[in-house]
Each structure stands twice: as C-alpha cells, then as structure tokens.
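User: Hi! I am new to protein models and would like to learn how to read one. Could you walk me through this example?

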Amino acid sequence: MQFSITKNPSPTPADERAKVLAAPTFGTHFTDHQVVVVWEKGKGWHSAEVIPYGPIMMDPSSAVLHYGQEIFEGIKAYRHPDGSIWTFRPEKNAQRLQKSAKRMALPELPEDIFIESLRQLIAVDGDWVPEAEGEKTLYFRPFEIAAENYLGVRPANRVEYRLIASPVGPYFTGGIKPVSIWIALGSARAGKHGTGEAKTGGNYAASLLAQQEGNENGCSQVMFLDAESGTYIEELGGMNLFFIYKDGSVVTPSLDGTILHGITRDSVITLLEDRGHKVTQRRFELSELREKAASGEIVEVFACGTAAVITPVGLLKSKEEEILIAGNEPGELTVALRKELTGIQYGTVSDKHNWMLKLKD
Ligand code: PLP
Ligand code: COI
C-alpha cells in the first residue's frame, strides 16, 4: 500500500520541540503528523495518508461516539546510542490489534500496513524521538474507530485506522520507587466472555471509577479481581502483574480470557526463563498474596506494560487491609529485569531474541 504524504506547513519550531523533549510528560504533547488509513465495507483498506497532526472532523452521529466501537495499541520508538530509531516487537502489537478488532467487530488491519505506518510516521517525525537518557521514548498510539455516521447498533461500515505519537518520560515519575496499588473491591473491569482481552476503550472507562477511588487513597494504579468470585487477582488498569517467591520461582496470572495478553508480560517470562527461573501461569488468589507476603515467602511484586515498563509494587491496599511487600523497597530481580529489558530496547544490551526492529537509520 502506498502512503501519500502531506507535510505539516507549520511544524513545531525546533526550539519548542527541544523544550518538550527535555522533560516530556505522558501523553500531553504530540508530533507534527498523523497517519490515517480508511476501511469501507466492500472496499477494504484504502487511502493511506500521512497528514498534519490535528483534530478529526467528525459528524456528531459518528458511531464511535455512541457505542464505543474502538480499539487501540501502545508501542514505543527508542533512540539508540548511534542515533538510529528502533521499536520493540511490533508484529505482536499488530497481531493484538487484529485480535482486538475481531472481538469488537472491526476490520483487521494487515500486519505490514501496521508496521509501515510506524515507519511512515518516523520518516517525517523522527526528530521527535527523544534521546534515551531519563528513559525517554516516543510513544505510538495506533487506534481504530467506527467512523460511520449512523445511530443504528451494528458494526460500522466505515472505519478509520489512525496513528499518533507522543514523546514520553517514565509513566510513574519519581524513579524506580515502588508504587502503591488500590485493590478494587466491588468493581470489575472484565467478565467471562466479555471484552477484557481486547484493548478497547470501554475496558479503561470501566476502570476509571476504581482508579479515582485509588487516587483518593494514595494509590497510583488499581488492581482488579475476577468478576465472578472476586478472589483471583487479574491485572492492573493498564499493566500485568508478577509475584516472585523466595526460592526464585515466579507466578503470573494465566490468560483466561479476561486479561490483556501483555507484550511486556510475554517478554518478561522469556527473560526470567533465560535466567533459569521457573515461571508458572495460573490463577492466583488474593489470599495467597496476603499470606505469602506476610510470611516472607513472596519477596517481590512488580507490574509491567509498555507505558510503565517494569515497576515495583510496594503496597497493596483496600478499604479492608494493607499488604506490604518486602518493606516497600524495590526488589533485586525487579530492578535487574528492568535494566535488562530497557537495555535491549535502548540498544545497550544484546538483543538475543531479535525483538528490535529498526525504523530509521
Ligand atoms: N494490561 C492492560 C489492561 C494494559 O492496558 C496494558 C498496556 O498495554 C498491559 C496489560 C500491558 O501490555 P503491554 O505489555 O503489551 O503494553
Ligand atoms: C500501555 O502501556 O501502552 C497502555 O496502553 C497502558 C495505559 C497507558 C493505557
């Protein structure tokens, strides 16, 4: 597919861009261009374009505004020491976007168009990828929206894929300090046969009330339990979870249909196994965490995701209890894994699994 390119006639001046790149905050500034590819029933994907960044002209009856038929991805571009620009396992994000599309009755964007869209945006906006120092990256936000002007409830006959990008610093400010997690009691994010496995806006909308309650209680993220019994730990609002035992074994909740198949999660499992750790994916009860954190058998807990990378968890709390993890200090394995993963991503540690893809020299 050929992309037509319309350059932004008034891009951000270099000194303004430099100011943003010196201290970017998550998702507040955007590059000078965006990608758009249109899909229509009977016609398929067509009209791939790079255009100036700007508002979407949308009819008030556009389906996405009413029924939430939308999906998205999160993926980053990293600047390597030689100045080249790379991304991490993009085929996994392309495949997950397709999986989310299937669940939300949206069209599946071919993997090659997804990866080409990243290349096209970097070709025009490569200067927006910050230097690595301070764990800075350019965060890509690919998404699909139902863009048909129609209030009937059915899958839209016109859909837009778009790609925007935002320079970001660490998702959690304050360095590698353990975060506190609010246990969402009485608020579920996803149920059996629901949309929990899809990266769709509604899942995040469903998490906001609990997130607000967590923030009011001094927590930066929310942990959701299974909707049916409220006893099994699933994931955070935007991250997967890992539990490390004293004997070096590791447990992470299994992918049973309600949680996101995290790409960082998958990569961390591989890195742990490379190091000789036994990783078990299974259902994991909150009571097991409570008991084994208290007895000292669980020595580290961390959360992981594209935005948050690998972040230690020091405390989990609800209205009813507080679970302290190893004195609220960052764990040794958590810190080592974070160093290894970011080293691969920023090109300072050997990429032995061939996870990195170069986007620009
Ligand atoms: N779980 C949820 C709900 C998320 O939003 C994310 C972020 O993308 C993750 C887990 C982690 O997934 P990944 O590592 O692919 O970013
Ligand atoms: C990501 O890690 O990319 C996410 O999507 C999590 C959150 C910012 C929505």
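Analyst: Let's start with E135, which is partly exposed, with a relative accessible area of 23% (buried means under 20% relative accessible area, exposed over 50%, partly exposed in between, with a 1.4 Å probe and protein chains only). This is a predicted model, in which local features need pLDDT of at least 70 and side-chain atom pairs count only at pLDDT 80 or more, while totals for chains, interfaces and linings use all residues. Residues are numbered from 1 along each chain as its sequence is written, chains are lettered from A and ligands numbered from 1 in the order in which they are written, and side-chain values use heavy atoms, leaving out hydrogens and water.

User: Where does E135 lie?

Analyst: Look in the loop between helix 4 (111–125) and strand 7 (137–146). Helices (H or I, at least four residues) and strands (E, at least two) are DSSP runs, numbered from the N terminus.

User: What should I know about phi?

Analyst: Most residues other than glycine have a negative phi. E135 has a positive phi of about 50°, although it is not a glycine. A326 also has a positive phi, near 40°, and is a residue other than glycine. You will find A326 in the loop between strand 17 (322–324) and helix 8 (332–345), partly exposed at a relative accessible area of 43%.

User: Which domains does the chain have?

Analyst: The assignment gives domain 1 (4–168) and domain 2 (179–345); such bounds come from an automatic or database domain assignment. Taken over C-alpha atoms, their centres are 27 Å apart.

User: How do I read the size of an interface?

Analyst: It is often given as the accessible area lost when the parts come together. Here domain 1 and domain 2 bury about 1900 Å² between them, with 54% of it on carbon and sulfur atoms. That buried area is the accessible area (1.4 Å probe) that two parts lose on being put together, summed over both. In domain 1, F72, F88 and R96 lose the most area to domain 2, together 30% of what that side buries.

User: How many salt bridges cross the interface of domain 1 and domain 2?

Analyst: The rule, a side-chain nitrogen of Lys or Arg within 4 Å of a carboxyl oxygen of Asp or Glu, finds three across this interface. Our friend E135 also forms a salt bridge, with R338, the closest N and O atoms being 2.5 Å apart.
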